[in-house]
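Dear colleague,

Here is the structure, with the sequence. My notes on helix packing, the chain contact and the cores follow it.

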Amino acid sequence: MSSRPSIQTEDLARTFRVLRSKHYPAGEPVVALDGVTLEIPRGELFGLLGPNGAGKTTLIKILVTLLLPTSGRATVEGFDVRTQAHQVRSRISMVSGGEHSGYGLLTVREQLWMFSQFYGLATGEALRRIDELLGVVGLFEERHRKVQQLSTGMRQKMNLVRGLLSDPQVFFLDEPTLGLDVGAARDIRAYIKRWIADRPGRTILLTTHYMSEAEELCDRVAIIHKGKIIACDAPAHLKRAAAGGSYFVLDTERLDGADFLREIPGVARVDAAERDHLTELRLHLAEDGAIAGVVAALTQQGRRILQLQKVEPSLEDAFVTLVGRRMEEADEVRTS
Amino acid sequence: MTLRRIWYAIRGRAYPRTVGAMREPSWIFYDLTLPILGVVAFVFVYRALGAPPRFTGYVIMGGATIAFWMNVMWNMASQFYWEKHQGNLELYMMAPCGLVPILLGMALGGMLATTLRAVVVVAAGVLLFQAPLTVSSWPLFLGIFALGLVALYGLGMFFSSLFLMWGREAWHMVSLLQEPVYLASGFYFPVRALGLWVGLAASLIPITLALDGLRQVMFPTSHPGLIPVLWEVAGLALLAVGFTVLALRMLRYMERISRQEGRLSFRW
């Protein structure tokens, strides 16, 4: 196996010209990628983690030759994405979340056969691969069903099969479990893991903004924010890089607001989530002893503590440390 | 890329055009009933005026040809625009076969499916009105038909890239080009009636020359042709080559702009 990296970018940048609008009154250029340098060796399942608008999709579009970089260089399997697009295209495949590609009037098998033809597969070989892959993702029984009759989860499994038909060297997955129910997302993640485990030397680049997905699947994760890579390491190492101190999860009776807890000395950060008539607090404390102040403050408010647990820092905590806000907050900032 | 792989891509994209059309029963209404209704109206007008029976034949030929024009405008010219919104275009652009065979596949599928519809319109017209349709020279007839198809779908392929760049305006362009072409190309009457120069100007749309040429072959002694039939064949050959070259250049340009600007192929 060659030691050449599967994907390599050097100081990659992409700027979009934006017309004058409500959101961009000055009509100034928008920087989507800003000096991204990455090296992904063969055989790695690499994750790009970032909020909406961070530049994940732009990076993928450049790597799959759909978009030219404004500056910098990128290669896939040693081929320049700018000047050797054809060589890149014959070695890659991409599946995006929420994809509705193809034609609803075709059956699943027909649709996959159609896409296989664009990759030069003879019909016999194509149908053999289609049936095999449909069996693996649990869609074999649906092969004669029209695409328009499939559920969202089934459709995404079919898309996954579409992406794998050409047996790509590098597989790009852009938010592949976006909008799927828990079961379908789990099936897809399981197959992605199995696919790369069975094929040493193949590479997957996965973008997601689900922390758990990145943590479960990826050998290494790059956190991308405002077009820049701000950290890149194995999930375990990134978690260790989270700010020092202690992390606790505390369940209490429903709170109207958790701002008062942020005033307590030693409390670095509080994230509150409402569920099933209770509030789950994720606390980042300067040191273990600060939890006493939190417990006392809740007791003073007349709230019972239902559960208290010290936890290891998560990838989400690392993200908060690096970006300064949680993923959902970063998404909201962009939306607003 | 080998010819075999190009053919695979062409047939792959042609497949949904041919099979999909048969699975959508609404085509019977839109592509058969509507053209036949148009034919019926004009046949009765001509009969009321006491026009010779060959006018019924003109109208039936025109009705059959409408199916091709509608297919080219709605399913070729606008197709990349729809493909973009479905998310297919970016998958097509990153396929190793490239966009050319995919576009050719669209055209081939459209030709096959529409030829079937046109045959049904002609058969229905002949059965309903006993129109005198005979062919004086089959090689010439088939030659004109084939050249007309290539030129017409070449125009459609050219429009497909152009319309994609125009974005939403494409929809208006399709509507704008539909009815005026029915008139300018002489779908329901010999185009010569518009005068030589108007007819020649309308001949930029390949369907004008193709329809007039076919009518000349079917009514060799009585049809007032625009120009001699062999000139029409030469004109169609010129248009076929011209539009195909133009379509391929436009496609390359569209791909380049798309990669540079990122707005054409993405569903942003």
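H6(B) and H7(B) are oblique to each other, a class left for angles that are not under 35 degrees (roughly parallel), over 145 (roughly antiparallel) or 65 to 115 (roughly perpendicular). This is a predicted model, in which local features need pLDDT of at least 70 and side-chain atom pairs count only at pLDDT 80 or more, while totals for chains, interfaces and linings use all residues. Residues are numbered from 1 along each chain as its sequence is written, and chains are lettered from A and ligands numbered from 1 in the order in which they are written.

H6 covers residues 99-129 of chain B and H7 residues 138-166; they pack at an angle of about 135°, with axes 10 Å apart. Axes are lines fitted to C-alpha atoms, for helices over the stretch in contact, and angles run from 0 to 180 degrees between N-to-C directions. Helices (H or I, at least four residues) and strands (E, at least two) are DSSP runs, numbered from the N terminus. The crossing of H6(B) past H7(B) is right-handed; that is, the near helix is turned clockwise from the far one by less than a right angle, anticlockwise being left-handed.

On the H6(B) side the contact consists of B:Leu103, B:Ala107, B:Gly110 and B:Met111, which meet B:Leu149, B:Tyr153, B:Gly156, B:Met157 and B:Ser160 of H7(B). Contact requires C-beta atoms, placed from the backbone, within 7 Å. By class, this contact has 6 nonpolar, 3 polar and no charged residues. Ala, Val, Leu, Ile, Met, Phe, Trp, Tyr, Cys and Pro count as nonpolar, Asp, Glu, Lys and Arg as charged, and the others, Gly among them, as polar.

H7(B) also packs with H3(B): their axes come within 8 Å and cross at roughly 30°. H3(B) is therefore roughly parallel to H7(B), and this crossing is right-handed. From H3(B), B:Phe68, B:Val72, B:Met76 and B:Ala77 meet residues of H7(B) that include B:Tyr153, B:Gly156, B:Met157 and B:Ser160. The classes here are 10 nonpolar, 2 polar and no charged residues.

B:Ala247, in helix H11 of chain B, touches B:Gly154, B:Met157 and B:Phe158, leaving out residues up to four places away in sequence. B:Ala247 is buried because 25 other C-beta atoms lie within 10 Å; the cut-off is 20 or more, with 12 or fewer for exposed and partly exposed in between.

H4 (residues 79-86) of chain B has B:Gln79, B:Phe80, B:Tyr81, B:Glu83 and B:Lys84 as its buried residues. After H4(B) comes B:Gly87, with a positive phi near 90°.

**Chain contact and cores**

Between the chains, 25 residues of B are in contact with 24 of A. H1 (3-22), H5 (88-93) and H11 (229-261) of chain B each supply at least two residues to that side, and H1(B) gives the most, with 8. The chain B side divides into 11 nonpolar, 8 polar and 6 charged residues.

The largest nonpolar core has 157 residues, of which A:Leu63, A:Leu165, A:Phe172 and A:Leu205 touch the most other members. Such a core is a set of buried Ala, Val, Leu, Ile, Met, Phe, Trp, Tyr and Cys residues joined through C-beta atoms within 7 Å. Helix H3 (residues 54-77) of chain B provides the largest share, 14 residues. A second, separate core of 8 residues includes A:Leu281, A:Leu283, A:Leu285 and A:Leu298.

Regards

How values were computed: Contact = placed C-beta atoms within 7 Å.
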